[in-house]
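Biologist: Please take a close look at the pockets of this model. I want their space and their linings in one connected account.

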Amino acid sequence: MGIHRLNHAVLYVSDLDRSVAFYRDVLGFRRVPMTPEGFRGAAFLQAPGSTNDHDLGLFEIGAGTGRSTAGRATVGLYHLAWEVDTLDELATTARRLTEAGALVGTSDHGTTKSLYGQDPDGLEFEVVWLVPADRLDDAALAARTRIGRLNLTAEIQRYGGDTRGGVGISVPV
C-alpha cells in the first residue's frame, strides 16, 4: 500500500459552530456543503488551495465534554501537521494563531519550520514549512536530531519569504 498523503482528518468537538468559526477565521478553511441529509452536528471543511473533497470533518459531541487529555492522561493522537507553501504563509499563520490565543509553540527541526496551535477543544495541530530539497545542507540535516527555537524572521532572510517549500520532498520536481 503506497500512501501519498493524508486525505482528511475527523475530529470530535464540543461546539460545532465554535470549531467551524475557529478553523475558518484562523486557518482559512471553508465549509463544504456535504453533510448527509438529516444528519446534524457535523461539518466538513476544505483548506485553502486544497484539491481534496474535504480536509477536515468535525463531529459535535456536546458541550458537557472535556478538553482532550491525549498524551497527558490518555492515549490518543498528539497532532496533525498541515504544510504551507511559503514562509510568508507561515508568518501570517503565526500572527493569526497569536491573535486568537491559539499559538502554543514553535520549533525549528532543521528541515522543517513549525508552529503548534490548539483549537478551542485543546486539540493540537502543527503548521509546517519544509525546506526545499535543493536547499538542504549539512547543518539543516544535522538539526533534525534536536528541536531548536524558531526564528521566523531569520528563516525568511535565509530562504526568502516567497520560496516554495517542500519542492523535491512533498512536491514533485
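**Pockets and their linings**

Modeller: The second largest pocket holds about 460 Å³ of space. Its lining has 27 residues, and L11, S68, A70, L77 and L123 lie nearest its centre. β1 (9-13), β5 and β8 each give two or more residues to this lining. β1 gives the most, with 5 residues. By class, the lining of the second largest pocket has 14 nonpolar, 9 polar and 4 charged residues.

This is a predicted model: local features need pLDDT of at least 70, side-chain atom pairs count only at pLDDT 80 or more, and totals for chains, interfaces and linings use all residues. Residues are numbered from 1 along each chain as its sequence is written, and side-chain values use heavy atoms, with hydrogens and water left out.

Now the terms. A pocket is an open set of points on a 1 Å grid over the protein atoms alone, where a 1.4 Å probe fits, with protein on both sides within 12 Å along at least five of seven lines; lining residues have an atom within 4 Å of a point. Points are joined across faces, edges and corners, and a volume is the space filled by probe spheres set on them. Helices (H or I, at least four residues) and strands (E, at least two) are DSSP runs, numbered from the N terminus. Ala, Val, Leu, Ile, Met, Phe, Trp, Tyr, Cys and Pro count as nonpolar, Asp, Glu, Lys and Arg as charged, and the others, Gly among them, as polar.

The largest pocket holds about 1,100 Å³. Of its 32 lining residues, A47, P48, W82, E83 and V84 lie nearest the centre. β5 (79-83), α2 (87-99) and β8 (124-130) each supply at least two. α2 has the largest share, 4 residues. This lining divides into 14 nonpolar, 11 polar and 7 charged residues.
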